[in-house]
Amino acid sequence: MNGPFVVAQANTGSTSAAPVQVIKLIKPAAGQTEIIHASFTGQVKIDFTAIANEQIVIEKNTKDLSAAIKFEDGSVIIIEPFFDSLGTILGNFTFEMGPNVTFSGQEFALRVPITEGGADVQPAAGAAGAAAGADVHGF
C-alpha cells in the first residue's frame, strides 16, 4: 500500500522534568548481597523507609565509589555509584528516611555515620583464630 503516512503528537506546551530514579531499599535474605546501580545523571531518590528499623552499618568503598549497607544477619545492599571522585555523596541523590523526612546528600552525610571501607574486616571462613593461608611458626 502506497499512501501518505501521518504522525500525530500531542503538545501540551509544558516542558517535563527529568524522571526520578527511585531506589527502594529492601533487606535481602540473610547472607545475600544485592547490587543496585544508580544513575550519574538525573535525580536519584534512595528510599530507606522499608529498612528504617534495621540495625545497619554504611561502609564507604573508595575504590569503586560505592556504599555498602550491611545488616546484622550478613546481608548487604551495595549502591554504585554513591560517591563522586572527591569522596562526597553524589549531588543528584536525595534520601527518604521516613514519612515526610527527606535529606539532601549533604544532610545525609552529616546525620548518618558512614565508615571507611576495610574498617571491620571479617574472617572469610572457619573459627576465629584458625590458621588460614600461610601458617608460620618459629624454628
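Visitor: How many aromatic pairs does the structure hold?
Guide: The model is predicted. Two rings of Phe, Tyr or Trp pair if their centres lie within 6.5 Å. By that criterion, the number of aromatic pairs in the structure is eight.

Visitor: What is the geometry of the pair formed by F48 and F108: stacked, tilted or edge-to-face?
Guide: The ring centres of F48 and F108 are 5.5 Å apart, and their planes stand at 40°. Planes under 30 degrees apart count as stacked, over 60 as edge-to-face and the rest as tilted. The angle of 40° therefore makes the pair of F48 and F108 tilted.

Visitor: How many residues apart are F48 and F108, and where do they lie?
Guide: F48 sits in the loop between β3 and β4, whereas F108 belongs to helix α1, residues 105–111. The pair thus links distant parts of the chain, and the separation is 60 residues.

Visitor: Are F48 and F108 buried or exposed?
Guide: A residue is buried under 20% relative accessible area and exposed over 50%. F48 has a relative accessibility of 5%, and F108 has a relative accessible area of 0%. F48 therefore counts as buried, and F108 is likewise buried.

Visitor: What kind of pair do the rings of F82 and F83 form?
Guide: The centres of the F82 and F83 rings are 4.9 Å apart, with the planes at 65°. Planes over 60 degrees apart count as edge-to-face. The pair of F82 and F83 is therefore edge-to-face.

Visitor: Are F82 and F83 buried or exposed?
Guide: The cut-off for burial is a relative accessible area under 20%. F82 has a value of 2% and F83 a value of 3%. With these values, F82 is buried, and F83 is also buried.

Visitor: Which residues are linked into a cluster by ring pairs?
Guide: F48 has F108 as a ring partner, and F82 has F83. Both pairs belong to one cluster, whose members are F48, F82, F83, F93, F95 and F108.

Visitor: In what order do the strands of the four-stranded open sheet stand, and by how much are neighbours turned?
Guide: This open sheet has mixed pairing and the order β1-β3-β7-β8. Its edge strands are β1 and β8 (101–104), each pairing on one side only. Direction ignored, neighbouring strands are turned against each other by an average of 20°.

Visitor: Which residue of β7 stands opposite D47?
Guide: Strand β1 (residues 21–24) pairs with β3 (residues 44–47) in the parallel sense over four bridges, and D47 in β3 is the bridge partner of K24. β3 also pairs with β7 (residues 93–98), again in the parallel sense and over four bridges. Between these two strands, V44 stands opposite F93, while the residue opposite D47 is E96.

Visitor: Which strands stand at the edges of the five-stranded open sheet?
Guide: This sheet has mixed pairing and the order β2-β6-β5-β4-β9. One side of each edge strand is left without a neighbour in the sheet, because each has a single partner strand; these strands are β2 (33–37) and β9 (114–116).

Visitor: Which residue of β9 stands opposite E59?
Guide: β4 and β9 pair in the parallel sense over three bridges. In β9, the residue opposite E59 is T115.

Visitor: What is the volume of the largest pocket, and which strand gives the most to its lining?
Guide: The largest pocket has a volume of about 200 Å³. Its lining includes F48, M97 and T115, and it divides into nine nonpolar residues, one polar and one charged. With three residues, the strand that gives the most to the lining is β4 (residues 56–61).

Visitor: How far apart in space are I69 and Q55?
Guide: I69 lies in strand β5, residues 66–71, and is buried, with a relative accessible area of 1%. I69 and Q55 are 14 residues apart in sequence, and their C-alpha to C-alpha distance is 10.0 Å.

Visitor: What pattern does the protein chain follow along the sequence?
Guide: The chain has 139 residues, of which 26% count as buried. It holds one helix and nine strands. Read along the sequence, the pattern is β-β-β-β-β-β-β-β-α-β.

Definitions and conventions
Residues are numbered from 1 along each chain as its sequence is written. This is a predicted model: local features need pLDDT of at least 70, side-chain atom pairs count only at pLDDT 80 or more; totals for chains, interfaces and linings use all residues. Side-chain values use heavy atoms; hydrogens and water are left out. On a 1 Å grid over the protein atoms alone, a cavity is a set of points where a 1.4 Å probe fits but cannot get out, and a pocket is an open set with protein on both sides within 12 Å along at least five of seven lines; lining residues have an atom within 4 Å of a point. Grid points are joined across faces, edges and corners, and a volume is the space filled by probe spheres set on the points. Ala, Val, Leu, Ile, Met, Phe, Trp, Tyr, Cys and Pro count as nonpolar, Asp, Glu, Lys and Arg as charged, and the others, Gly among them, as polar. Two strands pair if DSSP finds at least two bridges between them. Axes are lines fitted to C-alpha atoms, for helices over the stretch in contact, and angles run from 0 to 180 degrees between N-to-C directions. Rings of Phe, Tyr and Trp (its six-membered ring) pair if their centres lie within 6.5 Å; planes under 30 degrees apart count as stacked, over 60 as edge-to-face and the rest as tilted. Buried means under 20% relative accessible area, exposed over 50%, partly exposed in between (1.4 Å probe, protein chains only).
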